[in-house]
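Work through the exercises below with the model in view. Try each task before reading its solution.

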Amino acid sequence: MTDSTNSTTDQKPVQTKIITILNKNNLKEELQEAIELIKQNELIAFPTETVYGLGANALNDEAVKKIFKAKGRPSDNPIITHISSQTMFQRVVHESFDYNLAKKLMNTFWPGPLTLILPKADIIPYSTTGNLETIAVRMPSHPIALALIKESNLPIAAPSANLSGKPSPTTAQDVFDDMNGRIKLIVDGGPTDIGLESTVLDISDSSRRPIILRPGKITKEEIENCLDIEIDFYDSISHKGISEDIKPKSPGMKYRHYAPNAELRLVASLESFRENYFQAKDKNKFIGLIISNDFKECLEKNLIDLDKCYSYIYKDDEDLGSKLYFKLREMDKKNVDLIIAYYKDTNGFSKAIMNRLYKASSKK
Ligand code: TXA
Ligand code: MG
């Protein structure tokens, strides 16, 4: 258990307490304090299967506004609402919405890392949706997240629990590093499993094909198999696949995300690795590396000495996905000057990894 009395500039000091969940069979009792805080329209951080979320009652305008304040998040960046049941789904989505398409997706992927964009119910305040008529909804599969929602009997609005612009937190300590003094409670359920945020799929407009606005663990191919139709993919790397009228629908896309303090260079060949690496070495920079096992062997064969670097060698996409944000945060703590990441994407989950690496590397 950790306590702190740090304060933010314009608020009274808040004690940030961490409760560690030891007994997953007795969640109602273990989560009692967290459930009470949600009911009192306060903020709490909790684990999901993707990343830690910073949650508040999605039905209460004042509660949701506290999220934006704690994160330093622009108010036009909408928040995902987390639900625990079909009944709750119907409370948050507009009654006129035809569920057919959504039903197939919900039956296949929920609970799990898929967020659906749908027309919002009238009871959802505009603070939750960043002034949009649509709402982002997901049913998480993490038992702690599900128990919190179910036992408070409230939909929980929760963005990732990082300060705006920082990599999403995948451990309670990461949340504490960003939110210490800003929120009352962090529920520690251990490191998250997937490590990257959910896939965001817009199905709010029946006159056009579903479109992936943010790639994640649930892939385009899996969604197409489920729906038996082709869907669109907004490629935020090339900005292809989206028309001008859709762009304002996901305001989150315009903000820089996932960024470590150190500059990150994304490379896809030995030549470009060499160029960046030796340039940084010549300037005596402390280099952080994110490279695959295979590429490490390739570097060794080419007699490139990695001794003085801080290296993260990943085994496969699942490994890289689950540890990427954690390693980026760790490299900042070690005061790495430059991170060189070697990555080539193919299909499926690798699109999500490439998307996050690209955003971490782009300078705005
Ligand atoms: O895995 C996740 O999705 C995590 C965990 C905590 O559930 N949450 C998360 O939330 O990543 P956040 O706020 O960091 O990302 C929400 C994304 C943003 O890109 C936002 O623009 C988009 O979802 N979004 C939310 N509501 C939307 C809407 N009505 N229309 C389009 N995009 C929306
Ligand atoms: Mg986020």
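**Exercise 1.** Does asparagine 284 count as buried or exposed, and at what relative accessibility?

*Solution.* The model is predicted: local features need pLDDT of at least 70, side-chain atom pairs count only at pLDDT 80 or more, and totals for chains, interfaces and linings use all residues. Residues are numbered from 1 along each chain as its sequence is written, and side-chain values use heavy atoms, without hydrogens and water.
Step 1: recall the cut-offs. Buried means under 20% relative accessible area, exposed over 50%, partly exposed in between (1.4 Å probe, protein chains only).
Step 2: apply them. Asparagine 284 has 70% relative accessibility, so it counts as exposed.
Step 3: locate it. Asparagine 284 is in the loop between α10 (270-282) and β13 (287-292). Helices (H or I, at least four residues) and strands (E, at least two) are DSSP runs, numbered from the N terminus.
Step 4: check the backbone. Its phi is near 60°, a positive value in a residue other than glycine.

**Exercise 2.** Which residues touch the most other members of the largest nonpolar core?

*Solution.* Step 1: define the core. It is a set of buried Ala, Val, Leu, Ile, Met, Phe, Trp, Tyr and Cys residues joined through side-chain atoms within 4.5 Å.
Step 1: name the residues. The largest core has 48 residues, and Leu105, Leu116 and Ile223 touch the most other members.
Step 2: find the main contributor. Helix α7 (residues 143-152) gives the most to this core, with five residues.
Step 3: look for another core. A second, separate one has 41 residues, including Ile290 and Leu299.

**Exercise 3.** In what order do the strands of the open sheet run?

*Solution.* Step 1: strands pair if DSSP finds at least two bridges between them.
Step 1: eleven strands give the order β1-β8-β2-β3-β7-β4-β6-β5-β9-β10-β11, with mixed pairing.
Step 2: inspect the edges. β1 (17-20) and β11 (232-233) each have a single partner strand, so one side of each lacks a neighbour in the sheet.
Step 3: take one pair. β2 (residues 44-46) and β3 (residues 53-57) run antiparallel, joined by three bridges. Isoleucine 44 stands opposite glycine 55 in β3.

Technical notes: Chains lettered and ligands numbered in written order.
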